[in-house]
Amino acid sequence: MSPSDCKVLCELIFQKTRNRLSETTLKRVYGFANSDFKPSQFTLDTLLQYCGYSNWDNFIKDHDSKAESDKTLSWLTLNEHAYKLTHLSLRALKGRSGIPYIKTIKRKFINDHMDGFLASDDIATAIMAPSGYGKTIALLHWIEERHELNVLTGRQDIILLFSTATLQSVLLGGQDIYVWLLALLGFDRTDDLVTLLTNKENDEGKFFLIIDGFDDHAFKADQFQLIVNQLVDILSVYELSNSFRLVLSMTSATWLNNKHHFYAGTQKWFTGFISDPENGINVPLFYLHEIQELHNKINHEQRPFIHPALIDMMSNPLYYQIYYKLSKGDELLSHVDALLKYDMIAALVLDKIYLDKYAVERLALIFELIQVMSSKTGQYQVNRLNANAIINKYPVVYQELISLGFLTELNKSDELLYNTCIEFGRPEFLDYMLAQKLLSDNNNRLNSNLVVQVNLISNSDVKLNVIKWIVMYSLKTEQQHSLNYITKTDLSLNQKVELITFIGDIFDRELAAADNKVITRQYFKLNIDNQLFYYFFGLEYIDITYEKALLALLKFDLPNDKKMLVLCSLSIIAITRLDMKSLETHLLSLKNISQIDIFKFPINPVKSINTIFNYLKYGIVKKDAFAEITRFCFDPPGPGEWFNDTVTNDITYILATFTLQLSRNPIKQLRFINLLKRNYKDFTRQMGSYSFFLNLAAADACFIMDDKVKMLACYRSVLKIYHARNQVYTPFMRALFHGLKIKMLLANHQYEEIDIEFNYFDQIAYAHKFKLSKFYIVTLLLKKSNLVAMIEKGAFYKKLHYEHSRLMIEGAVVELFEKQEI
């Protein structure tokens with residue numbers, strides 16, 4: 001029965017009885033509309049005439065005579081009644097599935113949970129997780145499988161399934177849940193079912209009462225407490241029964257907020273495996289093989305690739321539903337990129353928050369809650385007491401947001417303190433809405449004032465995600481030329497790499513779009529101040545994802561000096577990865593650039609890259625780069641743009657410094673480093689990445705010279721920076737730092753600690769493909785002739801030999817530093 005059926009029933013009643021009942025009257029009878037009074041005698045007589053009785057008195061007389069017959073039902077008859085009711089509930093719940101139910105998959109966790117429940121002495125269990133975790137679908141598959149087992153094995157299990165919507169209609173009609181269930185199942189006396197369920201002949205058959213979506217936000221407060229009390233009474237009646245089992249599915253917040261009520265009737269509650277008791281979740285997200293199974297079931301083919309950036313989100317059934325809707329049907333998206341997760345979040349917010357008449361009230365409530373949330377500690381939550389006035393202004397939409405799981409309300413009170421906290425159901429909801437709130441406060445414009453407010457966000461992860469949403473919004477509203485303001489945001493180095501990669505992905509998508517492009521190939525020609533372009537560069541960012549962002553820049557129409565900077569950075573990345581094929585490709589592109597444009601660089605970077613390439617590939621040390629750097633040292637340019645603090649100069653000078661290592665002349669290398677210290681930037685007094693790399697280069701030169709005093713000074717400078725900013729150092733910087741520590745151990749003959757330090761270094765280098773650094777360190781260790789302690793540890797020494805051979809073969813390079821005395 002649904003509200004729309006009442007209109008049809010009105011007409012059917014009129015055709016049979018010629019009496020007219022209004023649609024609203026029938027809605028009151030069935031509990032779809034509020035009723036303060038009992039039905040009139042006319043209504044009752046008309047309904048009874050439609051059902052075949054002459055009037056209400058005849059119906060009562062007939063009903064009482066059946067009750068007096070003292071008829072009881074068998075287990076088989078009970079099963080027939082329950083199956084019919086459950087079948088109707090199954091159909092209704094399947095129709096509400098975000099993905100067509102036939103395309104959904106079975107979940108192993110529900111079988112494990114129910115098996116554990118049945119093996120225990122408990123009589124009730126709760127399936128609990130936030131909205132969208134797939135609790136209902138998992139339960140439906142389990143019920144169908146249980147029905148099939150009944151047929152195949154001759155089991156006598158009975159399953160009675162209801163949704164919360166059904167219980168609401170019962171409460172609106174003023175009925176007791178237990179009496180109502182007995183009537184539905186055909187029992188005239190309350191002790192009949194008790195007798196049947198406690199009959200030992202039925203030990204092998206279980207009676208499962210399953211209520212789906214049993215959440216406090218779905219009822220009025222007094223209604224929820226009433227139905228909980230009634231269920232507690234039912235559990236008390238059947239606590240000693242071996243046949244009765246109660247199964248409830250609910251949100252985690254409902255369980256955490258009301259478990260003291262559930263335990264009031266009995267302690268025999270099975271909660272399964274809760275990985276995080278504070279969050280109260282016993283439903284796991286999709287495992288990778290389940291995502292793949294779902295992919296295959298929808299597409300009817302093998303699709304082994306799932307974008308790594310999407311695995312976390314696709315493991316959430318709620319987002320998989322959104323993904324399915326974005327795919328518009330049976331075929332999943334053929335092009336899946338890292339930005340799709342933002343598309344899914346935006347689509348979910350559009351569908352659940354924006355698209356109806358209450359959208360303004362929802363946003364007003366959310367913005368006001370954000371306003372009073374405490375962000376000083378980085379935890380965006382508010383005490384219910386402090387938000388009560390706001391909630392009272394928007395009671396309807398507040399309950400909606402709670403039911404959607406967009407907001408959660410958790411009672412964490414104890415005997416000394418009332419503490420009910422309201423927070424966003426998922427971190428991504430907070431990030432999205434906080435970005436919308438900040439934009440709204442600044443007339444939806446990306447400007448300097450907005451950046452100041454973003455920088456005040458204390459939670460660094462939230463800050464980064466808010467910036468990403470602001471970037472997407474700016475492009476959506478054609479504010480692409482305001483993106484320069486993003487360079488003023490206060491982010492750590494690792495977060496900056498992530499943001500650069502994100503913007504690179506956006507550029508890729510924009511340039512690949514067939515129409516409605518906001519970013520065009522001319523973007524960096526029109527962007528006069530170049531702030532955003534140079535924001536992309538820094539050797540500290542070197543990683544696999546960073547390379548992808550730089551490749552996106554090459555798709556723009558760039559002037560030659562900018563194109564050179566991109567190609568030089570890509571070449572350095574290829575060097576660190578011993579990717580000779582890519583290095584050769586980038587080098588050829590650099591050589592095709594006009595000599596006039598190369599003169600814009602203080603030192604020719606192409607010569608430095610060419611020297612490194614020839615050394616790695618052929619073992620040949622070309623002198624061109626050394627000669628140019630020597631001329632620069634003895635005849636440095638005067639004050640001007642070549643000694644201005646720019647990204648281009650940073651990269652050029654660092655590249656030249658490390659190129660000088662191949663000259664096997666540490667004195668020349670230190671002379672160049674000291675020149676930069678005097679005329680460019682004093683790396684001994686700074687804390688930035690430029691200082692980090694120059695100190696490393698100086699330490700390496702001192703290591704070759706066996707000057708322990710100066711090497712220790714450089715090491716302490718790096719150590720000071722590293723310890724001060726350890727959490728914000730990039731993987732490349734951390735790998736180089738551990739490499740320096742190994743050199744310090746070698747210099748101080750602390751051989752017994754080297755294998756431990758090498759393991760730290762190797763974990764980073766291997767994960768991020770820093771092959772050159774690893775090759776160099778392995779070579780140093782193998783060529784140190786008096787590593788007595790190391791040689792005694794044969795396994796470590798064999799590992800070094802293996803890594804040395806593997807890196808040479810994979811990189812197709814010659815042995816490094818074969819003539820160098822270590």
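Trainee: How does helix 27 pass helix 30, in a left-handed or a right-handed crossing?
Mentor: Helix 27 passes helix 30 in a left-handed crossing, and please keep in mind from the start that this is a predicted model.

Trainee: And what angle do helix 27 and helix 30 pack at, and how far apart are their axes?
Mentor: The two helices, helix 27 and helix 30, pack at about 20°, and their axes are 11 Å apart. Since angles under 35 degrees count as roughly parallel, helix 27 is therefore roughly parallel to helix 30.

Trainee: Why do you give me both an angle and a distance?
Mentor: Because a pair of packed helices is described by both, the angle between the axes and the distance between the axes.

Trainee: Which residues meet where helix 27 and helix 30 pack?
Mentor: From helix 27 you will find Met564, Cys568, Ser571 and Ile575, and they meet Pro605, Val606, Ile609, Ile612 and Leu616 of helix 30.

Trainee: What does helix 30 do with helix 31, then, and at what angle do they cross?
Mentor: Helix 30, which covers residues 605-618, and helix 31, which covers residues 624-634, have axes that come within 8 Å and cross at roughly 140°. Helix 30 and helix 31 are therefore oblique to each other, and their crossing is left-handed. On the helix 30 side the residues are Lys607, Ser608 and Thr611, which meet Asp624, Ala625, Phe626 and Glu628 in helix 31.

Trainee: Which way does the crossing of helix 22 and helix 23 go, left-handed or right-handed?
Mentor: The crossing of helix 22 and helix 23 is right-handed. Helix 22 spans residues 460-476 and helix 23 spans residues 493-512, and they pack at an angle of about 20° with axes 11 Å apart, so helix 22 and helix 23 are roughly parallel to each other. The residues of helix 22 that take part include Leu464, Ile467, Val471 and Leu475, and among those they meet in helix 23 are Leu499, Phe502 and Ile506.

Trainee: Where is Leu578, and is it buried or exposed?
Mentor: Leu578 sits in the loop between helix 27 (560-576) and helix 28 (580-591). With a relative accessible area of 4%, Leu578 is buried.

Trainee: What about Asn443, buried or exposed?
Mentor: Asn443 counts as exposed, at 65% relative accessibility. Asn443 also has a positive phi of about 55° although it is not a glycine, and it is found in the loop between helix 20 (427-441) and helix 21 (448-455).

Trainee: Where does Trp142 lie, and which residues is it in contact with?
Mentor: Trp142 lies in helix 7, residues 135-153, and at 3% relative accessibility Trp142 counts as buried. If you leave aside neighbours within four places in sequence, Trp142 is in contact with Ile110, Asn111, Met114, Ile159, Phe208 and Ile210.

Trainee: Where is the place of Ile754, and is it buried or exposed?
Mentor: Ile754 is in helix 37, residues 754-768, and it is buried, with a relative accessible area of 0%. Met744 is ten residues away from Ile754 along the chain, and the C-alpha atoms of the two are separated by 9.7 Å.

Trainee: How many disulfides does the structure hold?
Mentor: The structure holds zero disulfides. Take Cys6, which is in no disulfide, and for which the nearest cysteine sulfur, that of Cys10, is 6.9 Å away; a disulfide would need the sulfur atoms within 2.5 Å.

Trainee: And how accessible are Cys6 and Cys633, buried or exposed?
Mentor: Cys6 counts as buried at 0% relative accessibility, and Cys633 is buried too, with a relative accessible area of 13%.

Key: Residues are numbered from 1 along each chain as its sequence is written. This is a predicted model: local features need pLDDT of at least 70, side-chain atom pairs count only at pLDDT 80 or more; totals for chains, interfaces and linings use all residues. Side-chain values use heavy atoms; hydrogens and water are left out. Buried means under 20% relative accessible area, exposed over 50%, partly exposed in between (1.4 Å probe, protein chains only). Helices (H or I, at least four residues) and strands (E, at least two) are DSSP runs, numbered from the N terminus. Axes are lines fitted to C-alpha atoms, for helices over the stretch in contact, and angles run from 0 to 180 degrees between N-to-C directions. Angles under 35 degrees count as roughly parallel, over 145 as roughly antiparallel, 65 to 115 as roughly perpendicular and the rest as oblique. A crossing is left-handed if the near helix is turned anticlockwise from the far one by less than a right angle, and right-handed if clockwise. Contact means heavy atoms within 4.5 Å.
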